[in-house]
Amino acid sequence: VQGVGFRYTTVSLARGFSVTGYVRNLADGRVEVVAEGSRNEVRAFLAGVVREMAGYINETTSDERPATGTFDRFSIRH
């Protein structure tokens, strides 16, 4: 998904939800999104990302874990 504005679009979409975390490119060409917030907010946010970027996504996987509380906003990591 790299090279299509995925990270910037994801950050822009995050502003519409009560989520914190990050998005980053991985060395193998995949993109990782880590989001914390209420279950409903995170699910709605991720659904929005998929809806917005559907033409560029081949596969998604998810892993729910307890929130760490370490993020104060949603950002791009390099």
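Guide: A word on the source comes before the tour: this is a predicted model. Asp-28 and Arg-30 join their side chains in it, at 2.7 Å from N to O. Asp-28 is exposed, at 53% relative accessibility. Arg-30 is exposed as well, at 51%. By the rule used here, the salt bridges number five.

Now the helix itself. H2 has 15 residues. From its first C-alpha to its last, H2 reaches 21 Å, close to the 21 Å expected at 1.5 Å a residue. Which residues of H2 are buried? They are Val-42, Phe-45, Gly-48, Val-49 and Met-53. Viewed down the axis of H2, these buried residues fall within an arc of 125°, so they line one face of the helix. On the other side of H2, Arg-39, Asn-40 and Arg-51 are exposed.

The buried face has cover. H1, E2 and E3 are among the elements over the buried residues of H2. The largest nonpolar core has 11 residues: Phe-6, Val-11, Ala-14, Val-19, Val-23, Val-31, Val-42, Phe-45, Val-49, Met-53 and Phe-74. Two or more of these residues come from helix H1 (6-14), and two or more from helix H2 (39-53). H2 gives the largest share, four residues. In soluble globular proteins, nonpolar side chains tend to be buried together.

Beyond its neighbours within four places in sequence, Ala-14 is in contact with Val-19, Phe-45 and Phe-74. Phe-45 is one of the buried residues of H2.

Glu-64 lies in the loop between H2 and strand E3 (74-76), and Arg-39 in helix H2, so the pair ties together parts that are 25 residues apart in sequence. Are these two partners buried or exposed? Glu-64 counts as exposed, at 52% relative accessibility. Arg-39 also counts as exposed, at 52%.

Asp-63 and Arg-65 make another salt bridge, 2.8 Å from N to O. Asp-63 is exposed, at 53% relative accessible area. Arg-65 is exposed too, at 67% relative accessibility. Salt bridges with shared partners also join Arg-39, Arg-43 and Glu-64 into one network.

Last, the strands. Strand E2 (residues 31-36) pairs with strand E1 (residues 20-25) in the antiparallel sense, over six bridges. Across this pairing, Arg-24 stands opposite Glu-32 in E2. The hairpin of E1 and E2 has five residues between the strands, and there Gly-29 takes a positive phi near 100°.

Thr-20 is found in strand E1. Thr-20 counts as buried because its relative accessibility is 19%, and the cut-off for buried is under 20%. Which residues does Thr-20 touch, leaving out those up to four places away in sequence? They are Val-34, Ala-35, Glu-36, Phe-71, Asp-72, Arg-73 and Phe-74. Phe-74 brings the view back to the core, where it is listed with Val-42, Phe-45, Val-49 and Met-53.

Notes. Residues numbered from 1 in each chain as written. Predicted model: local features only at pLDDT ≥ 70, side-chain atom pairs only at ≥ 80, totals over all residues. Heavy atoms only, no water. Core = buried A, V, L, I, M, F, W, Y, C linked by side-chain atoms within 4.5 Å. Buried < 20%, exposed > 50% of the residue type's maximum accessible area, 1.4 Å probe, protein only. Contact = heavy atoms within 4.5 Å. Salt bridge = Lys/Arg side-chain N within 4 Å of Asp/Glu carboxyl O. Pairing = 2+ DSSP bridges. Expected span 1.5 Å × (residues − 1). Arc of directions from axis to C-beta.
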